[in-house]
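Okay, everyone, let's get going.

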Amino acid sequence: MSDLRQAFAEALRLIFSADSDFTAIVFASLQFSISSTILAAALGIPAGIALANARFPFKRFVEDVLNTLLAVPTVVVGLFVYTLIFSQGPLGRLHLLFTPTGVVLGQTLLIAPLVASLSCSAIAAVDPVVRQTALTLGAARFRAARTVAAEARAALLIVCLTAFGRVVGEIGISLLLGGNILGYTRTITTAISLQTSRGEFALGLALGLVLLFIAFGINLGMRLLRTKS
Amino acid sequence: MVPSSPIAGDNPIGLAAVIEGRAADHTVDVIAVGSGQALKLAINGDVDMVIVHDPAAEKQFLEDGWGINHKTFMMNDFVILGPQSDPARIKGMKSAAQAFSSIQKTNSLFISRGDDSGTHKRELDLWQKAGGKPAPPWHMEIGQGMGAVLTMANEKQAYTICDRATYRSRGGQLNLKVLVEGDPDLLNYYSAMQVNPTRFPSAKNILSGQMIGWLCSPEGQKRIGAYAVNGHRLFNPTCEGGKK
Amino acid sequence: MSDTAFAYEVRSLIHSYNGGIALDIPSLDIQSGAVCALTGPNGCGKTTLLSILALLLKPVSGSVRLQGIESAGSHDYHLRRKATLVHQKPVLFSATVRNNIEYGLKAVGIPAKEIRNRVDRILGKANLGEIAEKQARKLSGGEAQRVVLARGLVLETPIVLLDEPTNSLDAASRPLFYNLLREATARGTTIITATHDTGILAALNPRILRMDKGKIVHAPGSTGVPPNAA
């Protein structure tokens with residue numbers, strides 16, 4: 001028991017003294033997660049808007065495929081990207097494996113369907129009269145779509161926060177594609193996983209606390225956005 | 001019903017097979033971890049016996065009274081691996097430390113286990129002997145086992161240090177060559193110890209003692225010496241009465 | 001200003017929802033510059049007709065000509081801009097009152113200076129000057145309705161369609177609104193409004209189109225030319 005307390009105290013020390021290895025790990029996690037969230041938003045939000053506004057025969061099918069992609073485990077996404085980017089893969093020449101770019105690529109692929117699907121729902125939830133109003137006031141369909149998206153601003157931000165939350169705590173992709181390289185691709189989740197299995201609690205605890213804190217922050221952000229809309 | 005007996009060990013591929021092959025009449029769980037962690041598990045009382053290859057740590061372990069019955073029972077060697085292109089020009093060097101120095105001077109990529117294992121300790125000893133402190137970005141610590149290190153070294157065409165047994169067991173998968181070998185600094189001695197029964201009365205004392213005894217017995221030594229993967233022998237038995 | 005005799009020529013218009021007939025209009029002509037009031041009980045099809053005339057809704061069958069041009073469906077962008085519909089329960093955008101009113105003017109690409117002039121003018125006429133910079137979603141019912149009407153009328157489109165425009169309008173503001181409508185008709189705007197507000201009927205003397213169960217049941221002979229038209 002005193003071992004646990006010692007580890008806890010050491011964990012707090014690591015956090016508040018901003019130990020350089022510790023901060024490098026936290027920074028890497030945030031850097032990858034923010035980058036992939038931004039990329040996924042850039043791809044997924046327009047896709048979601050397009051899907052919400054489109055009417056085509058196999059729309060239902062596309063939505064089903066999208067929802068299925070949401071359930072793919074991170075290791076599967078990681079494995080898929082691994083086969084693309086490792087030295088024998090089609091993109092092997094780019095040397096993306098075990099680099100931050102590789103991790104961000106995998107994470108973006110993981111959450112882009114999520115962003116698209118949730119954005120589509122967010123847009124569909126906007127009062128249809130908004131679009132009608134935009135159109136009758138003279139907007140072309142593209143501007144009307146932008147206006148509807150603007151009305152769904154808060155909901156779309158919540159979508160981004162959701163995607164961020166999904167990706168900041170994932171390990172399958174970070175480990176497979178990143179390789180846990182200290183100061184380079186070692187993230188909170190890979191470090192927790194590999195340090196703990198070596199019996200070193202303190203760093204794992206410290207990182208776990210940070211991750212909890214991040215999760216709390218995300219939820220707080222979502223609540224504020226919900227009450228605003 | 002015979003109870004299980006966990007052994008923690010820095011497990012070069014194949015050793016587990018040898019041990020489990022022996023343990024026909026009781027269950028042996030071989031937990032494959034680095035030497036550093038194996039000793040930690042022993043101190044925690046999670047295992048009955050360890051097989052490690054970190055002489056300095058073993059000495060400390062015994063001095064602190066955690067273990068007894070230390071027997072060095074086999075050895076092999078480490079080799080320095082690297083890409084065919086050999087940017088640091090270390091191929092054929094007789095001194096491992098000099099090779100490391102050359103790698104550092106050229107900032108060539110080097111993959112390190114970074115996990116307190118025997119291999120990692122050896123690597124650190126060599127950096128010290130080479131007179132430098134390796135650092136990112138060319139020196140990459142990945143905190144994982146030899147398998148992961150080899151995969152990454154292969155992917156990035158980087159240098160690394162590896163025990164010959166594990167390297168051989170990967171067979172033709174790797175596009176890495178043995179560039180430096182034979183330096184006495186690269187010799188790798190495996191020892192077994194059992195946890196101190198006075199400290200851990202519930203440990204399976206007798207069984208552990210028997211296991212260690214068998215490892216050093218002529219039969220055990222013969223099996224160790226004979227074990228081969230892809231036609232290559234992995235270990236050299238070292239106990240008296242065994243082959244050198 | 002309209003350059004054809006008819007703002008709308010509707011033929012064989014049928015529309016249905018979920019198996020029920022919403023509209024069944026064999027023929028309907030509305031002259032340019034006319035003022036019409038659609039009356040009838042709830043559910044008689046007024047809103048549906050207005051949506052179709054605004055080219056926001058495509059009827060199941062039939063044809064709609066707007067200023068002599070046949071409506072083709074979803075690519076009616078230019079045609080759609082000739083008519084503005086003010087919905088029954090209108091929605092304000094999440095922006096200031098001024099931004100809301102500017103929306104349509106910006107959408108059609110009117111230069112910024114002209115936008116400012118027009119918006120300032122209508123803010124005055126609708127008595128919205130004081131709340132011009134307020135967030136539109138925070139307004140009272142009456143204020144919001146004034147903004148919505150201003151937003152539609154500022155565009156000065158040849159056709160204006162209104163669906164129960166004065167329902168949430170406070171009594172004090174109604175005269176302001178009638179004035180705006182009168183100005184529009186003076187410009188030659190065609191106005192079609194679903195309403196039972198006697199004030200509008202008195203102010204504009206519209207042609208009455210009574211509807212019931214999707215059909216136009218009574219369209220008395222008044223041509224719908226307002227009392228003070230040129």
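Some housekeeping. What you see is a predicted model, so keep in mind that local features need pLDDT of at least 70 and side-chain atom pairs count only at pLDDT 80 or more, while totals for chains, interfaces and linings use all residues. Residues are numbered from 1 along each chain as its sequence is written, and chains are lettered from A and ligands numbered from 1 in the order in which they are written.

The C-alpha trace of chain A spans about 70 × 45 × 25 Å along its principal axes. Of the 229 residues in chain A, 44% are buried. Buried here means 20 or more other C-beta atoms within 10 Å of the residue's own, with exposed being 12 or fewer and partly exposed in between; C-beta atoms are placed from the backbone.

Now, who touches whom? There are 2 pairs of chains in contact, and chains A and C share the most contacts. By contact I mean C-beta atoms, placed from the backbone, within 7 Å. Between A and C, 14 residues of chain A meet 18 residues of chain C. On the chain A side, helix 6 (128-136) and helix 7 (141-151) each supply at least two residues, and helix 6 of chain A gives the most, with 6 residues. By class, that side of chain A has 6 nonpolar, 5 polar and 3 charged residues. For the classes, Ala, Val, Leu, Ile, Met, Phe, Trp, Tyr, Cys and Pro are nonpolar, Asp, Glu, Lys and Arg are charged, and the others, Gly among them, are polar.

And what about chains B and C? No contact joins chain B and chain C, and their closest C-alpha atoms are 49 Å apart.

On to the cores. A nonpolar core is a set of buried Ala, Val, Leu, Ile, Met, Phe, Trp, Tyr and Cys residues joined through C-beta atoms within 7 Å. The largest one has 160 residues, and A:V115, B:I80, C:L53 and C:L161 touch the most other members. Helix 5 (residues 100-124) of chain A gives the most to this core, with 14 residues. Leaving out residues up to four places away in sequence, A:V115 touches A:A40, A:A41, A:G44, A:I45, A:G48, A:V159 and A:A163. There's also a second, separate core of 26 residues, including B:V52, B:M74, B:L215 and B:C216.

Last, the helix pair. In chain A, the axes of helix 10 (residues 188-196) and helix 11 (residues 201-228) come within 9 Å and cross at roughly 150°. So helix 10 of chain A is roughly antiparallel to helix 11 of chain A. Axes are lines fitted to C-alpha atoms, for helices over the stretch in contact, with angles from 0 to 180 degrees between N-to-C directions; under 35 degrees is roughly parallel, over 145 roughly antiparallel, 65 to 115 roughly perpendicular, and the rest oblique. Helix 10 of chain A brings A:I188, A:A191, A:I192, A:Q195 and A:T196 to the contact, and helix 11 of chain A brings A:L203, A:G204, A:L207, A:G208, A:V210 and A:L211. This contact has 7 nonpolar, 4 polar and no charged residues.

Okay, over to you.

Terms used
Helix = DSSP H or I, 4+ residues; strand = E, 2+ residues; numbered from the N terminus.
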